[in-house]
Amino acid sequence: MKKIIGLLALLVLTGCSGTGNKGTVCKNSVFYGYVNICLPEIRGMQECLAHENVKQIVQPYLISGPVLGYYLNNETYGKIDSLGLITYDTYFMLYGEYQYENYQAAVNDLETKTAGLEKSLFDREGFEQIEKNMGAVKAEKPVLLEKYSPYPNVRTMIVLMKYKSDEGTETSVVSAANVILVKQRLLNLAYYVAYSGGKSIDDLKQKNETVVSTFLKAN
């Protein structure tokens, strides 16, 4: 799975201190254009974009936009020095697009951006572009399992996809592709878990909504 991390980022670093919502102290924040985005503490996970191994993983995705945050669960974080040598699941990435860094977005833009992401994922032309960007890793066409709005300024798609690595290993991944409108900025949050049946989908949805809620409260 390490070679397919951040797939959704193909379609579209941390450092300064700041304040989150209602004046609370934010221990980790990053600028997206001129807006300060808080990267909240998530129970059971660690934000680790500053680590050299993580920087290498996200490097290919910086062509289209900045990666703002990258969270691993505690178990994987304990092996972060070997990150390029292991397989792992249960992680998420927050990212944006250079063209929208200083664009003051509204709800209508949220709908447009979500429609664009859906088109990129599920239209033939968009999927061919995904395959081109993935290089040696091959993917079957993704399946849209569900589309909903867990919060007024969030649109979520639950997506199932099967990958085959250049070593011949097949992996099924279920992801929550979120488009978020916060501080008049459009951001993407992609949360991934290994697919192991219906329970893994329910688990993903619960974890994703907890993370998105925490992010919204922090900003």
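## A walk through the predicted model

Start by colouring the chain by pLDDT, the predictor's confidence in each residue, from 0 to 100: the protein chain averages 83, and 79% of the residues score at least 70. Select residues 1-20, where the pLDDT is below 50; beyond near neighbours in sequence, this stretch has 84 contacts in the model (contact means heavy atoms within 4.5 Å). Residues 130-137 also stay under 50, with 19 contacts beyond four places in sequence.

A word on the ground rules: this is a predicted model, in which local features need pLDDT of at least 70 and side-chain atom pairs count only at pLDDT 80 or more, while totals for chains, interfaces and linings use all residues. Residues are numbered from 1 along each chain as its sequence is written, and side-chain values use heavy atoms, with hydrogens and water left out.

**Stop 1: helix α3.** Select residues 107-122. Helices (H or I, at least four residues) and strands (E, at least two) are DSSP runs, numbered from the N terminus. Leu 110, Lys 113, Thr 114, Leu 117, Leu 121 and Phe 122 of α3 are buried (under 20% relative accessible area; exposed is over 50% and partly exposed in between, with a 1.4 Å probe and protein chains only). Look down the axis of α3: its buried residues fall within an arc of 145°, so they line one face of the helix. The arc is that of the directions from the helix axis to the C-beta atoms. On the other side of α3, Asn 108, Thr 112 and Lys 119 are exposed.

Now click on Tyr 191. Beyond four places in sequence, its contacts include Met 45, Phe 92, Val 174, Leu 204 and Val 211. Leu 204 and Val 211 are among the buried residues of α5.

**Stop 2: strand β5.** Pick Leu 68, which lies in this strand. Is Leu 68 buried or exposed? At 2% relative accessibility, Leu 68 counts as buried.

How values were computed. Expected span 1.5 Å × (residues − 1).
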